[in-house]
Amino acid sequence: MFGYVRIFKPELKVREYEEYKAVYCTLCKTLGKEYGLVSRLLLSYDATFYILLRDCAADGTPQYKKGRCPFNPAKVCNYQTDCPESYRAAAALTVILAYHKARDNRRDSKGFKKAAAALACAFLRASYKKAAKRYPHFAEIAAASMEKQQVLEAAQCDSADRAADPSASALAALCTAHMPEGEQRRVTERIAYCVGRWVYLMDAYDDMEKDLKNGGYNPFLLQYGVTSSEKLRQDDVQQGVLRSLYMTENEAATTLALLSGGVRRSILENILCDGLNAKTAEIREKYQDTHAK
Amino acid sequence: MADPYAVLGIPRNATDEQLKDAYRALARKYQEDSLASGPLADVARRKMEELDRAYDAIVAERRGQTAYTSDQSSYTNAGNGGYNAYGGSAYSGSQFADVRAQINSGRIDDAEMILDGIPIGSRTAEWYFLKGQIQQRRGWFDEAYKNYSAACQRDPGNTEYAAAFNSLNNNSRGGYRQTRGGGCDACDICSSLLCADCCCECMGGDLIPGC
């Protein structure tokens, strides 16, 4: 996961924003408590999304306590005092995914970047082992998904749908791991699948230019047979890619209607209905701008 | 039964107008085409029934009848007609009745195995449509899109295929929430100023000297 799943602040109510910040800060604190101060740097919006989706239907109002942020002592934050389990799970998830990403980078990149990734990997190993011991199920899901992804990449899979499936299924499995069978689980699974798929496709879209230059694996380049920078900016390619992204984000937004919940649900609505779209527009503009030059 | 006001997401003192608006907004969401053809069609249908019941209960209560007891829903939504299009047993003439039954009961892997067993030469429009349905349920929207459009090309007159294609196609545009109040950019400000200036000049005054 790559930090694409964000709120769209202009459309957020103040109390929703405060709640979002509190979730974010509490996750940061939990990371620090469980995996050491440095692991707080791994904090991501994606793990925050995981907590929101997971606790969406939880009963009762969350309880908060004021505290100071260790990175910025002048700032007073709200920390949630109940419901620590989902934060612990999210912290473990953050560490596990960061470790896999570092390993992935170590395998794929060259030179200085490879060294940096190897260092990160070595650094994360102890935390990873701790997280994997606490949440063996998470580690299994993540490892299985990485393996499937590598097979697809090695086979130069030319279908974006298939290439996105391991990440999407992994997120769906991670988000529903603790849930009992039933409607709520099925709805959450569908939303998580769509978000996972969107993140993967978004990352591929964002990297098209870079992968074209370096010869890295990119499902969109293969699916549309893109071999040159001009072809990359042609309307049919851009529209095809955007269509995949829009279909995915709209499906996530439509499905959210079936999920019940309180304040957290409104934040999710903001993320799925506006946040994803804003991010897509941002990357789309990136391609249009360079085109104009 | 759950509190009908909570189902509709409105306070107890909401006006009849607010009640209707809330009902319509939710009904529109639950009856979204892409939900009806996705794997959660049954959940959407149940939500819709729950909403109908809640609406009925509130209306009955406000009319002074006994509250919350009307279990038989008398209110039938006009938009409900096409809602069960996929769920009915209307495909007696179908070549793939068994595949359709499997897709509807959620056994998409089995359904796909049967479809894949059919040689490429004898794949009909219906084959592409069903393949698309399987992929849409799985969340593979790109391939679903391709297969739906192949089905429509082979059989342009078929309304079932066209509806599936259109529902996916409607989803392929950006911005789930389209109704957003327009902002005010530099151009708007300048043109408004110019208009105001013209108006002032009509009356003999001047807002922007020299213009």
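Visitor: Where in chain A does Gln156(A) lie?

Guide: First, a caution: this is a predicted model. Gln156(A) sits in the loop that runs between helix H5 (136-154) and helix H6 (160-176) of chain A.

Visitor: Why is Gln156(A) called partly exposed?

Guide: Its relative accessible area is 44%. Buried means under 20%, exposed means over 50%, and partly exposed is in between. The value for Gln156(A) is 44%, so Gln156(A) is partly exposed.

Visitor: What is the phi of Gln156(A) near?

Guide: It is near 55°, a positive value in a residue other than glycine. Most residues other than glycine have a negative phi.

Visitor: What makes Ser86(A) count as buried?

Guide: Its relative accessibility is 1%. The cut-off for buried is under 20%. Ser86(A) therefore counts as buried. Ser86(A) is placed in helix H3 (residues 84-108) of chain A.

Visitor: Which residues is Ser86(A) in contact with, leaving aside its neighbours within four places in sequence?

Guide: With those neighbours set aside, the contacts of Ser86(A) are Tyr50(A), Ile51(A), Arg54(A) and Asp55(A). Take Asp55(A): 31 residues separate Ser86(A) and Asp55(A) along the chain, yet their C-alpha atoms are 7.5 Å apart.

Visitor: How many helices and strands does chain A have?

Guide: Chain A has 11 helices and two strands. Along the sequence, the pattern reads α-α-β-β-α-α-α-α-α-α-α-α-α. Of the 293 residues in chain A, 53% are buried.

Visitor: And how many helices and strands does chain B have?

Guide: Chain B has 10 helices and zero strands. Buried residues are 40% of its 211 residues.

Visitor: Is Tyr145(B) buried or exposed, and how do you know?

Guide: Tyr145(B) has a relative accessible area of 13%. Buried needs a value under 20%. So Tyr145(B) is buried. Helix H8 of chain B holds Tyr145(B).

Visitor: Which residues is Tyr145(B) in contact with, leaving aside its neighbours within four places in sequence?

Guide: Arg243(A), Met247(A), Phe165(B), Leu168(B) and Asn169(B).

Visitor: How do the axes of H8 and H9 of chain B cross?

Guide: Two packed helices are described by the angle and the distance between their axes. The axes of helix H8 (residues 141-154) and helix H9 (residues 159-170) of chain B come within 9 Å. They cross at roughly 145°, and the crossing is left-handed.

Visitor: Which residues of H8(B) and H9(B) meet?

Guide: Among them are Phe141(B), Tyr145(B) and Tyr148(B) from H8(B), and Tyr161(B), Phe165(B) and Leu168(B) from H9(B). The residues of this contact divide into 11 nonpolar, two polar and no charged.

Visitor: What is in the largest nonpolar core?

Guide: The largest nonpolar core has 132 residues. Those with the most contacts inside it are Val195(A), Tyr205(A), Met208(A), Phe220(A), Leu8(B) and Leu51(B). Helix H7 (residues 183-214) of chain A gives the largest share, 14 residues. Domain 1 (4-78) and domain 2 (97-170) of chain B each supply at least three residues.

Visitor: Which residues is Leu8(B) in contact with, leaving aside its neighbours within four places in sequence?

Guide: They include Leu19(B), Leu26(B), Leu51(B) and Ile58(B).

Definitions and conventions. Residues numbered from 1 in each chain as written. Chains lettered and ligands numbered in written order. Predicted model: local features only at pLDDT ≥ 70, side-chain atom pairs only at ≥ 80, totals over all residues. Heavy atoms only, no water. Axes fitted to C-alpha atoms, helices over the stretch in contact; angles between N-to-C directions. Helix = DSSP H or I, 4+ residues; strand = E, 2+ residues; numbered from the N terminus. Left-handed = near helix turned anticlockwise from the far one by under 90°. Contact = heavy atoms within 4.5 Å. Nonpolar A, V, L, I, M, F, W, Y, C, P; charged D, E, K, R; others polar. Core = buried A, V, L, I, M, F, W, Y, C linked by side-chain atoms within 4.5 Å. Buried < 20%, exposed > 50% of the residue type's maximum accessible area, 1.4 Å probe, protein only. Domains from an automatic or database assignment.
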